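The following note sets out points for a colleague who has the coordinates open. Each point takes up one part of the structure.

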Amino acid sequence: MIEPPADDATGLGRGVREVEHTADVGLAISGATLEQLFHRAALGLARLMRGDARPAGARGATGPVHAAESAQVTRSVALAAESSDLLLARWLGELLYLDEVDGFVYEGAEFAVLDEGRLEATVRGRIDLEAPMCQLKGVTYHGLSLGRGEEGWEARVIFDI
Amino acid sequence: MRVEGLVYADSRLMEDIGGDEAIRQVANVACLPGIVGRSIGMPDIHWGYGFAIGGVAAFDPDEGGVVSPGGVGYDINCGVRLLRSEITVDEMGPRLKRLMNQIMRDVPAGVGASYRSSALGTPAVREVLTRGAAWAVDQGYGTADDLDHIESGGMLEAADADAVSDRAVKRGRPQVGTVGSGNHFIEIGYVEEIYDTKAAERLGLHPQTVTVFIHSGSRGLGHQVCTDYLDVMLAAATAYGIDLPDRQLACAPLTSPEARSYLGAMYAAGNYAFANRQVMSHRVREAFSRIFERPWEDLGLRLVYDVAHNNAKWETHQVEGRERRLCVHRKGATRAFPPGHPDVPAAYRDIGQPVLIPGDMARYSYVLVGTEGAYAETFGSTCHGAGRRMSRRKAKKSVRGRDLKREFRELGIEVRASSFATVAEEIPEAYKDVAEVVDVVDRAGIGRKVARLKPLGVLKG
């Protein structure tokens, strides 16, 4: 799943915006396809935790750059869930886990399988052992949603911080 | 709703509380099976996930009562401990900056590269999960006397290390003795005002003497336990036919194997949190020793108490005229047992259990004691802090263009942080005024004020 770098107001990537929550942090994500939504959500999570790591030229503005030059690595991910929104939560939970234990920062994925109950993907990313800007504790099921909307697929997810 | 909801607040605090989803969350909890008494919100209540932060609820296993990871939270047994000292504010004086730098060096934030090399082996983590703060004392982090000044003696005996996943253990290996990020902190302060001389004397708090708050929890290990069991509980809720108003309230009957397994894992994570705070205390004491060039014992750096905020514990309470064994969930709430309760340490039994209420980074914090009122009305519980009133996003937005470092310097507060982005999210105005919160608690009789502390230096993860 590759999208051209795009300037966006939020710094969380195209199709991702932060939603208001008193104590925690929420993301609203949209995508034309389920794959695009899962990719954008993962990128949004990575940027929430690590900041915008795209090369300075692509960002068009100054911002933190975390070891963007490090070599890309891959991980295999296989998940199942009873519904697509729970699958999204587990996907993000898996990426949160990989960041914490390995410093693996998501950059992209090739989805071999992605339907409303199953995901198999090879994820690409970089290793960044520096402290994340924002350490998230978990992906909550509170207010979690994923469904078809005006722009294809739309989702909401709240992270405990 | 199966029971009433009750939120402790005055009209001023209701302006902050009414604006988000917290009240609805109190109502959601009131719908869960086997809840007894009331679904309670403390005056520092705010929108959480599942339970509100500042929520208390008790469940009776004999009435189909449940346990829910959403009533405990991701940061299992997150809590705060207070150390007191004989050092006066004047003696601290110019040493404060050096002390803050030393603590910054000695207590890892626990994220990033630098701490990974000191990871514990898996067998050691399993021992932490079983023995909690006692493990830390055995390793030379503190003294046996410390254990007498920790809720539950720093060790939850019903812990089941085998119920904790390998993933959780892997997350926990490098993080024992680390602060973490978010609202966790180490704060050097001093006793600014005393409200109850007898209780303050018993706690060892003297005017103008230096104190240390340490706020952290079970780190990635606890987060993973919650994540793992949320899915177990979601399946269990379906299997046991429990209708959930919010999936984060996924739960299982207390008598079920799923509940037993979660409780064992949750208590194990609780022990990890106790050990984590114990190791950090030791490192803070060593930092004091180095800067003051005296053993920490000579500085009187004694543990006052360690309380937990996020757990579900088996306790006996009077409900509807009879004693019942209940599972009391406290999510962002503090146990506040009254004088004479056998679970209050012997040294404090005549004054009640110490309750530690940190405020924001700049204003003040409070020390209270538990009361009969809390025991009768709130399952022996009270508030846990100031409570957020502004989202992190709004807080960050509000500091644009401001020189936060200078602002804190002008307030006389030394701030150290791995990232100033965290400080921006934690600015004082992002929180309610903890004095208002504590006043409500004191007036309602669910806690009694003993002393107010003022920050001198704050280290954020």
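1. Helices here are DSSP runs of H or I with at least four residues, numbered from the N terminus. With that convention, α16(B) is followed by B:G445, whose phi is positive, near 80°. The model under discussion is a predicted one.

2. The other end of this helix also deserves a look. At the start of α16(B), a side-chain oxygen of B:D433 comes to within 2.9 Å of the backbone nitrogen of B:A435. Within the helix, which spans residues 434-444 of chain B, the buried residues include B:V434, B:A435, B:V437, B:V438, B:V440 and B:V441. An α-helix has 3.6 residues a turn, so residues three or four places apart point the same way. The packing partners of the buried residues of α16(B) are α1 (11-17), β2 (35-49), β13 (354-357), β14 (365-369), β15 (381-382) and β17 (448-460) of chain B.

3. Which residues of the largest nonpolar core touch the most other members? They are A:F38, A:W91, B:I188 and B:F288, in a core of 139 residues. Helix α11 (residues 257-292) of chain B gives the most to this core, contributing 18 residues. Apart from this core lies another, of 71 residues, with B:L326, B:V328, B:I351 and B:A435 among them. As for A:F38, its contacts beyond four places in sequence are A:S84, A:L87, A:L88, A:W91, A:F111, A:L114, A:L119 and A:L146.

4. B:N271 is buried, its relative accessible area being 0%. Leaving out residues up to four places away in sequence, B:N271 touches B:V128, B:L129, B:T130, B:R131, B:G132, B:A133, B:G154, B:M155, B:L156 and B:A159.

5. Of the area that chain A buries against chain B, A:T22, A:K137 and A:Y141 supply 22%, more than any other three residues. The contact draws 35 residues from chain A and 38 residues from chain B.

6. The rule for polar contacts finds 15 residue pairs across the interface, both residues at pLDDT 80 or more. On the side of chain A that touches chain B, the elements giving two or more residues are α3 (84-102), β6 (138-139) and β8 (152-160) of chain A. The most comes from α3(A), with ten residues. By class, this side of chain A has 14 nonpolar, nine polar and twelve charged residues.

7. Is B:D246 buried or exposed? B:D246 counts as buried because its relative accessibility is 7%, and buried means under 20%. B:D246 sits in the loop between α10 (219-239) and β8 (252-253) of chain B. Its contacts, neighbours within four places in sequence aside, are A:Y141, A:H142, A:G143, B:N28 and B:G50. The side chains of B:D246 and A:H142 are joined by a polar contact of 2.6 Å. A polar atom of the B:D246 side chain also lies 2.9 Å from the backbone nitrogen of B:Q248. Along the chain, B:D246 and B:Y49 are 197 residues apart, yet their C-alpha atoms are separated by 8.6 Å.

Note on methods: Residues are numbered from 1 along each chain as its sequence is written. Chains are lettered from A and ligands numbered from 1 in the order in which they are written. This is a predicted model: local features need pLDDT of at least 70, side-chain atom pairs count only at pLDDT 80 or more; totals for chains, interfaces and linings use all residues. Side-chain values use heavy atoms; hydrogens and water are left out. A nonpolar core is a set of buried Ala, Val, Leu, Ile, Met, Phe, Trp, Tyr and Cys residues joined through side-chain atoms within 4.5 Å. Buried means under 20% relative accessible area, exposed over 50%, partly exposed in between (1.4 Å probe, protein chains only). Contact means heavy atoms within 4.5 Å. Buried area is the accessible area (1.4 Å probe) that two parts lose on being put together, summed over both. A polar contact is a pair of N or O atoms within 3.5 Å; within protein, one must be able to donate a hydrogen and the other to accept it, and residues adjacent in sequence count only if both atoms are side-chain atoms. Ala, Val, Leu, Ile, Met, Phe, Trp, Tyr, Cys and Pro count as nonpolar, Asp, Glu, Lys and Arg as charged, and the others, Gly among them, as polar.
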